[in-house]
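I opened the notebook to look up how the chains of this model are built and how they meet. The entries below keep the order in which I went through them.

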Number of protein chains: 4
Amino acid sequence: MITNTRPLRLAIIGGGPSSWIGGMHRRAAQFDGCWQVVAGVFSSHPDRAASAAQAVGVDSARGYADVATMIAAEAKRADGIEAVAIMTPNDTHYPYCVAALDAGLDVICDKPVSTTAAEARDLAARARAKGRVFCVTHGYSAYPMTRHAKQLINDGAIGPLRFVQVEYIQSGLAKPIEQGTMTDSQRWKFNADRSGLALVYSAIGCHAQHLACAVSGLAVEAVSADVGALMPGRTVVDTILASMRFAGGARGQYTITQAAAGGENDIRLRIYGERGLIDWSHRESAYLHLNIEGETARTIGRGDVGLPADIARLSRTPRGHPEGLLEAFANIYREAAEAIIARRNDQVVATVQYPTINDAVHTMDFIEACIASHANNGAWTNL
Amino acid sequence: MITNTRPLRLAIIGGGPSSWIGGMHRRAAQFDGCWQVVAGVFSSHPDRAASAAQAVGVDSARGYADVATMIAAEAKRADGIEAVAIMTPNDTHYPYCVAALDAGLDVICDKPVSTTAAEARDLAARARAKGRVFCVTHGYSAYPMTRHAKQLINDGAIGPLRFVQVEYIQSGLAKPIEQGTMTDSQRWKFNADRSGLALVYSAIGCHAQHLACAVSGLAVEAVSADVGALMPGRTVVDTILASMRFAGGARGQYTITQAAAGGENDIRLRIYGERGLIDWSHRESAYLHLNIEGETARTIGRGDVGLPADIARLSRTPRGHPEGLLEAFANIYREAAEAIIARRNDQVVATVQYPTINDAVHTMDFIEACIASHANNGAWTNL
Amino acid sequence: MITNTRPLRLAIIGGGPSSWIGGMHRRAAQFDGCWQVVAGVFSSHPDRAASAAQAVGVDSARGYADVATMIAAEAKRADGIEAVAIMTPNDTHYPYCVAALDAGLDVICDKPVSTTAAEARDLAARARAKGRVFCVTHGYSAYPMTRHAKQLINDGAIGPLRFVQVEYIQSGLAKPIEQGTMTDSQRWKFNADRSGLALVYSAIGCHAQHLACAVSGLAVEAVSADVGALMPGRTVVDTILASMRFAGGARGQYTITQAAAGGENDIRLRIYGERGLIDWSHRESAYLHLNIEGETARTIGRGDVGLPADIARLSRTPRGHPEGLLEAFANIYREAAEAIIARRNDQVVATVQYPTINDAVHTMDFIEACIASHANNGAWTNL
Amino acid sequence: MITNTRPLRLAIIGGGPSSWIGGMHRRAAQFDGCWQVVAGVFSSHPDRAASAAQAVGVDSARGYADVATMIAAEAKRADGIEAVAIMTPNDTHYPYCVAALDAGLDVICDKPVSTTAAEARDLAARARAKGRVFCVTHGYSAYPMTRHAKQLINDGAIGPLRFVQVEYIQSGLAKPIEQGTMTDSQRWKFNADRSGLALVYSAIGCHAQHLACAVSGLAVEAVSADVGALMPGRTVVDTILASMRFAGGARGQYTITQAAAGGENDIRLRIYGERGLIDWSHRESAYLHLNIEGETARTIGRGDVGLPADIARLSRTPRGHPEGLLEAFANIYREAAEAIIARRNDQVVATVQYPTINDAVHTMDFIEACIASHANNGAWTNL
C-alpha cells in the first residue's frame, strides 16, 4: 500500500477563479489530502496574477503570470512545486508540458495533450526519458463503475470482445454561435490553430475514444469515418461518426456530436463480448448493467458489498448516496500522487489506472486516421 | 370517416398453428372487426392443410395446401377472399405477391417483400397497375408513439432534421447456431437463397431502416457501410454498421446486429432537428421523449389527453395500461382495411399511414447500397 | 396438461360495443381459442340488444335485453352458454352472479363481486355448493411477472416476508367532476348505492389489495386506516391510506387514490423478505426487480430464458416485444377455461392461479375493516 | 448579494480522520472557500487529539480533547473559531450546542439536534436569545432539485397541496446486527439513551420528515403511526409507518425503515397539488419530475437553462455532469456562512434556505407524536 505522508506540492496552469474546470481540478487535487495547490499561473495578465492566486486560496506571491517564470522561481524554493496541472487552451498544452517535463516536474494535463499525434509522441518520449508521471484527466474512465467495467472485461466476465459502441452527444454547438459574439473560451475553441484537430474531438470526442479504449482494453486499428458538421454552413467539425476495427477483431461504432439540439451530455458505452454485455451511461454513472446471455440482467452499484477492494476505494460515500464527476477527478489525482510517491520509494504500482501519455498518443492517432478516412470518401484507414 | 360495415375476408399464407407470427397476424387482423380470416395456406403438407386451418379457427374446407389452388378456388366463391396476408419464408414472398396481385387481391406482406430491389420494383408496378393496396407489416412504426413522432416531425416540432440514429440490437445469433442442429425456421434463414440479402437485414435490419425513414420522413441518399459478422468464422451477415446521408442533408447512423450477446430486442430511434430531439425506445414503447433545446424535457405518453385524434385512435386502452406489439399490428390491419373500403367507396384516404410497397422499394435499395459500399472498402455509395 | 378440444361458449353481461372493458373481455376470452362469445346482454334497452350483439360479432338472435331471459333461453339450446362474464355496474354483480350460479353456469365476474362482504360470502357458498368456477378479473396479478413474483416468494427466494408496500395512484377524480355533468358511467360510480363500499376501492383499491395478497400469499389480519377524500368538499371516498398487519407478522402499507393530479395509473408492489426485495411497477409490467441483500440487483424479464414453464406460458410474444393488459386478461380467461375442462374431465388443477371468490371475500373484508378503523379514529381493526 | 471576504473559522466536534461524515463536513465546509477548518475535537482521547487534528489538515495545537477546553482556548485567540460544526453521538448534541451558543458561537449541527423536543425548544430559545445562526445539516433538502421543488410549490406550480408521500428505505438493520459484535458507531446507535427517540428516526427518519416539510412548506398537525420493528424479536425501532395530516388540510403518508433487505438508500418524495405532481427520487437526485394534469410530463434537470438564479447557483458543474451529496452539504455550509456575514453586515437574508433550529423543533415534535399514537393503538395524535 502506497501512502503519502504529506501532500505533494502542485502548481496549476490555467483554471483561474472564474473557471469551473479550474475549481474542479483544485478541489479534486486536494480532495484526499494527496496534493496541495501552492502555486500557479491563474492569469496571464501580470497585474491579475497575484490576485487570482489569492482568490483561489494560494499565496499571492506564488501567483505567476507565465509558466517559465514560475518554473524558474519555484525551482529555487526548498518547498517548490513538484508537479503541474495544465488546463489552458489546447495549443499551449504541448509547450507547457515540455517545459514542465524538461524541468523534471511530474505532469497532469487536460485533454487533448497536444494538437498533433507527433507532439503527443514527443511528450511520451520526454516523459519516458525523464521517468516522470504524465497523467491525462479523462474523468469519465475514473468513475468506480467504469473502472469496474474495465476490470470485469479484463477478468473475462463477458468473454472475448466483439462489439464496442461509444457515444458522446451534446448540444453546445447546436446553435450557430460562431455567427454571434463569442466568449473568450468559445473563441479559442473555434480557432482551429488553437483547439487542435477537429473542434468536437478536442472538446468531447477524445473523452469518448479514451473511454472506449480504456474500458475495453482494446486498441483501434482502423476507422471508416465521417467528419463534418451537422450545422449547415459550419466550417469547423461538430460531428464525427465512425465505424471501428479493433486489434483482435472486434468491431465498433463511434458517435460524437456537439450539435445535437436536445442532447444533454449523453455519454454511453456498451461493450458486447461472446458471453454478454456491459452497458454504462453517464446519466447513471454509479451503476453498471451486466447482461450475460441466458442469465438474469444485473445492475451493479457503486456501493455494492462485495466489490473488489481496489474498486471500492474509488468511492468515498456510502451506498445510495450520490457522488459526482469531482470524485472521479479526485481518483485520478490520488493515483497520480501514488505513482509519484511509489517512484520515490522505489515501489511498484501494480497497474497504472490513470490515463497516461501513451493513451494520449493513441487518442491523437485516432483523430488523424478519422480525418484521413473522411478525406478518402470513408475508406477504411489504419491508425 | 371510413367505416366498414362488415369484416373483409382475409386468407393467410403461412403462419400455421405453432407459429407465433401467425397468431400475431390472425389476432391483429381480427382485433377491431375489420377482417375475418376465412381461408389460408397454413401448411404446405396436403394432409395437414385442413387440420391446420381448423386449429386456427378456419373452416377446414378452406385450408389449402398451395397458393395457386387457394386463389383459384376462392375466386369461384361468392364469399371468396378479398385479400391475402403473407408470412412465409422470404424467397416466396415475391411469387405469392405476384399471384395475389395478378388475381386482383389486396396484399398484406411480411418484410422483406422480396429478395432484390428489382423484385420490389416489380411488385410496386403491379400494385400500381392493379390499383391494389400493398401493405408491409413493419409493426414498430405503427405504435401510437412512433406515429406521433412522425407527426411531430412533420409538423416541425424539432425543426429541420439534422441527425438520425437508429439501432436494433438482438442476441439471436450470438451463439454459433449454424454449427448445431437448426430448426426449420432457422435453416431457411441461414440459407442466403431463401432469406434474401444479408440475414440480419431480412430479420431485423429492414425494420430499423423503415422506422428511421418512416418517422423522419426522409429518404436515404447514400451510405458508407460495414456489412459482416461479429461472430468469428461466420459466413452470413449478422451485423450492419453504416453512416447515412439523407435527402436534404441530414446525417445518420445505423446499427444492426443479431450477434450481440446480452442484447434483448433493443430498438431505439433518435432524431435530432435544429430545435431538439425526439427519442423513442422499444422498451418503453408507450412513451416518447421530446427535448427541445432550452426547454424542459418532456415525456409524451400514449394515453395523454390532448393527443391529436388520429394518434389517439391508435390506442385502445386507457392511459397507463400497457398495450403491446399486437395492437400496433392491429393498427396496420385496420388501416389496410380502411384503404380498401375507401377505394371501393371512391373515398380518399388523407394520408396513407401503413408501410407501402414504395417503402419496400427503398428498403431493398438501402441494403443493396450497403453491400456495395462494403465491397468498396466503405466508400460512400448512392442508393 | 389440460387442453380444450373446442372453445367454451360464453355469454357477456354488460360491455357493449362502446365499452373499452367490454372489448378487453371479448378479445381476452377469445385470445387463445379457449372461449367463444356466443351470446350476451350488451344493452338493457330491448330495441338495442340485438344490434349491440351484432356490433360485437354475436348472432343478433342471442343478444338479450335481460339476464334472466338469456339464461332461460340459452338453457333450452343444445349449444347454449356454459358460462357468463359480468361487467355491469357493481350493485348488479351479486344478483347476476346468483342467477348464473343457480343456473349451474360458471362465472367470470369483474371486481368487486359485490357491495358487501356478506354478499361475497354468499357467492362463495353458492359457488362451492354448485361446484362452479368463480373467477374475478383482477388483471394486474395475471401478468407473467406478477405471477413470477408470487412463485419466487412462494419458493422462498426472499425469505420470510416482513414488509409489503402497495400503491395505486390515479388522477381520474383529481377534478370535481361530480359538480359537472357526468357521463352515465361516472354517475353510477358516484352513487354509493350502486358502486359499493368506497368509490376508490371499488374502482381501483380492490385491485391493489388483491395484488398485494395474491403475490405475497399473505392474508391481512388488521388495518389502521384513513378513508376519505383529498378533494376538499367531496363526499365520496377518493383516497384510502392504511397500515396493515399480515398473518405471520409482516407489516404493510397501502396507498390508494384517484384524486392525485399528475398521477398516471401508477401501480407498484414492493415486498421485502428477510433476504431481499421484489419490486414490480405497472409501468414496466414486463420486468421484475429482485434485490437480494448483499448480491447484485437483478432484473427479470418476461421473455428471459430459464423462466419456469408455467410462467413462460403466460407470455405469447418473444423477448423484448411488448405485451399489454389484454394478454394478462387472456391468461385469466384461459385458466378459467382450463379449470372448467379439468372439472369435466375429473382432472385436478395443481394450483388455481386465477383470482377466486374466496379472494373476493377477503377483498370485501378488507374494505369493511378500513371503514371501521377510520370511524374509530384510526384504531387497529381486525378483518 | 452577500460575499465573504475571507473564510470563516470553523471548529469541528467529532468527525475524526476515519469518519466518512467527518470528511463530508470538512470538504463541504471548505468547498466554496466560505469556511476554513482551523480547530476541532477530532478525538476525545487526549493523546490522540493532536494527531487526529493533523491528519485532517488542522494545526495539531488546535486539536483539542474536549469541547469546553476548545471553546475556552479559542476564545483567547485573535484568530479564534467563529462557529462549531457538531457530528458526535446524538445525546451529546444538546450539551455541545448549549456550550457553543452560550459562548456566542454560531452552530452547525448534525441531526437530530437533541433527544427530546424539550431540548430542541431550549436550543431554539438560546439561539434566538443570542441571535446566532443554528443550522441543521439535512443534506437531502439542499440538492438543487429539492430546492427547486420547494420553490415551484411555493410559486403555486401545482396548486394547493393535497397529498404528500415521503419514504426512506434502507437495509442497514435488515440483519440482527445487535446479536453480534457491533462497531463503536453501531453500539451507541443501539443504545436508546444515546441515540434518542426511535433508532430509525434518529438515523434516517428525521431526514425524511424534514424533506417532506421543507419542500412542501407544510407543518404536520397530526399523525396516526405504527412504530416498531420489522425484524422479529428486535427491541429497538427499525420502522415507522404513519399517516399524516398537514396544516391546511393536505394528507400524507410516511414510510421509514432500515430493516428492508434489498433496499439501497431509497428516498422519494412525491407531492400532489390540485394541479399536479412533483416527484423526486434520491437515485436521480439531479432531476425533478413535474406532471401537471392534462399536460405533458416534464423532467427538470439540475443544469437546465432557464432555472431561477438562486437555484442555478446551487449547482457548480455543467449540465449533464453529476454532482453528489457533497455539493448539497456545501450548499448548506455556504448559506450558513452567508447568514453569519449578513448579520455582521446588518444585511437581511431574503429567505433562510438552510434547515434551522425551528425546523428541528418540528422534527422532534413529530417523533414524539408518532410514539404517542403508536402507544394509543394508532389513534390520531396532534403534534
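**Conventions.** I note that this is a predicted model, in which local features need pLDDT of at least 70 and side-chain atom pairs count only at pLDDT 80 or more, while totals for chains, interfaces and linings use all residues. Residues are numbered from 1 along each chain as its sequence is written, and chains are lettered from A and ligands numbered from 1 in the order in which they are written.

**Domains of chain A.** I looked up the division of chain A and found domain 1 (8-139) and domain 2 (141-318 + 357-382), with bounds that come from an automatic or database domain assignment. The C-alpha centres of domain 1 and domain 2 of chain A lie 26 Å apart. Their contact takes 19 residues from domain 1 of chain A and 21 residues from domain 2 of chain A, where two residues are in contact if their C-beta atoms, placed from the backbone, lie within 7 Å. On the side of domain 1 that touches domain 2, helix H5 (117-130) and strand E5 (134-136) of chain A are the elements that give two or more residues, and H5(A) gives the most, with 6 residues. I read helices (H or I, at least four residues) and strands (E, at least two) as DSSP runs numbered from the N terminus. That side of domain 1 of chain A divides into 10 nonpolar, 6 polar and 3 charged residues; here Ala, Val, Leu, Ile, Met, Phe, Trp, Tyr, Cys and Pro count as nonpolar, Asp, Glu, Lys and Arg as charged, and the others, Gly among them, as polar.

**The open sheet in chain A.** I traced an open sheet of 5 strands in chain A, in the order E2-E1-E3-E4-E5 and with parallel pairing, taking two strands as paired if DSSP finds at least two bridges between them. Strand E2 (35-41) and E5 of chain A are the edge strands, each pairing on one side only, and the twist averages 25 degrees from one strand to the next. For such angles, axes are lines fitted to C-alpha atoms, for helices over the stretch in contact, and angles run from 0 to 180 degrees between N-to-C directions. Strand E4 (residues 106-109) of chain A pairs with E5(A) in the parallel sense over 3 bridges, and Ile108(A) has Cys135(A) as its bridge partner in E5(A).

**Strand E6 of chain A.** Is this strand buried or exposed? I find 10 of the 10 residues of strand E6 (residues 161-170) of chain A buried, so this strand is largely enclosed by the rest of the structure. A residue is buried if 20 or more other C-beta atoms lie within 10 Å of its own, exposed if 12 or fewer, and partly exposed in between, with C-beta atoms placed from the backbone. E6(A) is joined by 9 bridges to strand E10 (residues 265-273) of chain A, and the two run antiparallel; Leu161(A) has Gly273(A) as its bridge partner in E10(A). A further 7 bridges join E6(A) to strand E9 (residues 251-257) of chain A, in a parallel run, with Tyr168(A) opposite Ile256(A) in E9(A).

**Chains A and B.** I counted 35 residues of chain A in contact with 35 residues of chain B. On the side of chain A that touches chain B, the elements giving two or more residues are E6, strand E7 (220-228), strand E8 (239-246), E9, E10, strand E11 (276-281) and strand E12 (287-292) of chain A, and E9(A) gives the most, with 4 residues. The residues of this side divide into 13 nonpolar, 16 polar and 6 charged. Chain A can be laid on chain B with an RMSD of 0.0 Å by a turn of 180 degrees and a shift of 0.0 Å along the axis, which is the relation of a two-fold axis. Copies are superposed by least squares on the C-alpha atoms of residues with pLDDT of at least 70 in both. Because 100% of the interface residues of chain A are also interface residues in chain B, the copies meet through the same surface.

**Chain D.** I turned to helix H1 (residues 20-30) of chain D, which is mostly covered, with 9 of its 11 residues buried, among them Met24(D), His25(D) and Arg26(D). The buried residues of H1(D) pack against strand E1 (8-14), strand E2 (35-41), strand E3 (83-87) and helix H11 (325-344) of chain D. Last, I noted that 35 residues of chain D are in contact with 35 residues of chain C.
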